[in-house]
Amino acid sequence: MMRHLTLGTAGHVDHGKTTLVRALTGIDTDRLAEEQRRGISIVLGYATLALDDDLELSVVDVPGHERFVRTMVGGATGIDLALICIAADDGVMPQTREHLAILELLGVEHAVVALTKVDLTDEATQHAATAGVRELLATTRFADAPIVPVASQLGSGLDALRVALRSAAAATTGRAADGRVRLPIDRSFVLHGIGTVVTGTLWSGTLAVGDTVSIHPGARSARVRSLEVHDAQVDAAAAGSRVAAALVGVERDEVPPGSVLWTGGTAAAGYRLDVAAHLLADADPLGRGALIEVLHGTTVTQARAITLDGETIASGGDGFVQLRLVQPLAALRGDRLVLRRLAPPGTIAGATVLDPRPPRHAGATADLVRLRLYASGEPATIAQAALAGGALRASDLVDRGLLDPAEAAAALAPSEHIIALGDWRLRTAGYAAIRSAVEGRLGARRTEHPLDPVVPLSQILKDSPWREALVDRLVADGVAERDGAGLRSAGSAVDAATAIAEPAVAALAAAPFATHRQADLAEALNVPADDAWALINQLDRSGAIARLPDGLVVHGDAYAEAVRHVRERCGAAGTVTLAELRDATASSRKVAQALLERMDSDGITRRQGDARILRRTAT
């Protein structure tokens, strides 16, 4: 099975990156006339390097000039290993140091150093340059990187360089070919007969012809018409590949460089990011509110850096920062950023995204605790931290960019710490606190108003998307019972209340369709007025009686009989009139009118002229 990795070049301008790539691959990555005229790279260049039958490297050749560091970061973000080019006649130069720092900040784990232009130097100069390179690498994660002398124009050293690249590739963990696709766009253009085409290095997932993708920022949708990997038509492209995708459904200006193609659950672009930042040792301290430049993949924007665990982050130090962005940015937890000062331009820090969609905050204790838990990288810990804000679903963790779907499902599996509320999950401790509060409130109501122990739902639980799931769990656990739009304590004295009302309700049953007034029923209950009306409401909710408009009331069975007659009459004739219901129930016009109005409000009938018809939902 073919393995795909992305190799990115790095190094100072005119240190032979493009010449070396051409010698290795046979491809000139300087495709612009201006690049060829000036002899320097201006934009990203691309080539493919087959090292074995089962290993292919997509090569991203980056500009080395300090004016094009943004472009370099766009190419370096998403690479799997680096080819650092250092000219033997120049040795380590300023952009060598900055590019090396950027590679570390972006989390690149493996690199090979090509000591270029050795044909232009003597042996002593080569030794001095090699010593300088080794000294530079000594304090980095690339301390053991091989240094391979090469002369690109003569072709010497290329075989040894290929061996070193194969070894580095073997030690490199490839990108996930499953899960959601993310393709940062570095070019977009229109081809006659094809339409909008975008290119980029596929960060994750597998992109296939026919896939529907969303484009962030903006959340537009498009369909993949065709795919190419290094100019070859393919049905699907795996992570680590250099991809050109023809899209249907969007115009070129709707997918500009800096936007990202996604499939699967997405974290919509937002204007804030909570990050863990690391300042370079030679950078000035980062103060709260500093205006900086943020580079993420091919996206470049500015932001206010709000330091969260102190007024400043010291040179070479670490700290939490909320980036308040000028333009929205679509990111996931764990993404790497490069932070640069605006003037004079220069790289000052790297950052790892902890929360892609945080609330606006300034570093309260609870927020810092949450970020420390997010920084652990453990899915279960991240889920617990997110649950501190209330119930959520696995899809919420995915949409907020905190976990991928498989991680989210596993992290939210019910356990001693997590309780299930249907599809929702809540901290066990949080549910226990809610349960205790509900039991206390319902118990107090039951004691104070034994004939009306019901508390409206809106008065006992805050409105939320998961309130109904919470009520279902409270009912299932025997904490409460539903009663209309409210809750009452499980086992409340409903039977006692029914017993008190039994004589008065029996009187209604004895004359089903007589003119009974609610005020007369309240008086017949022989209890204090407040309790009487509460009891009437309870009897109506239970179906023992039916309260009618105009202050009337009938026995529940009488109302059911009237409804049955209306259904039968409408089934036979299509409509029912007031007079027909009056005659069928041997009631007065006033009672028949009130019965029909109650059926209207219950969604059973609808008035049509002088008659009623059954509502569609009631047929």
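Q: Which residues are linked with D274 in a network of salt bridges?
A: Let's start with the term: a salt bridge is a side-chain nitrogen of Lys or Arg within 4 Å of a carboxyl oxygen of Asp or Glu. This is a predicted model, in which local features need pLDDT of at least 70, side-chain atom pairs count only at pLDDT 80 or more, and totals for chains, interfaces and linings use all residues. Residues are numbered from 1 along each chain as its sequence is written, and side-chain values use heavy atoms, without hydrogens and water. The network joins D274 with D355, D367 and R370.

Q: How many salt bridges does the count come to?
A: One of them pairs D396 with R393, at 3.4 Å from N to O. By this rule, the count comes to 23.

Q: Is D396 buried or exposed?
A: Buried means under 20% relative accessible area, exposed over 50%, and partly exposed in between (1.4 Å probe, protein chains only). D396 has 18% relative accessibility, so D396 counts as buried.

Q: Which residues have the most contacts inside the largest nonpolar core?
A: A nonpolar core is a set of buried Ala, Val, Leu, Ile, Met, Phe, Trp, Tyr and Cys residues joined through side-chain atoms within 4.5 Å. In soluble globular proteins, nonpolar side chains tend to be buried together. The largest core here has 25 residues, and those with the most contacts inside it are L273, V294, L323, L337 and L339.
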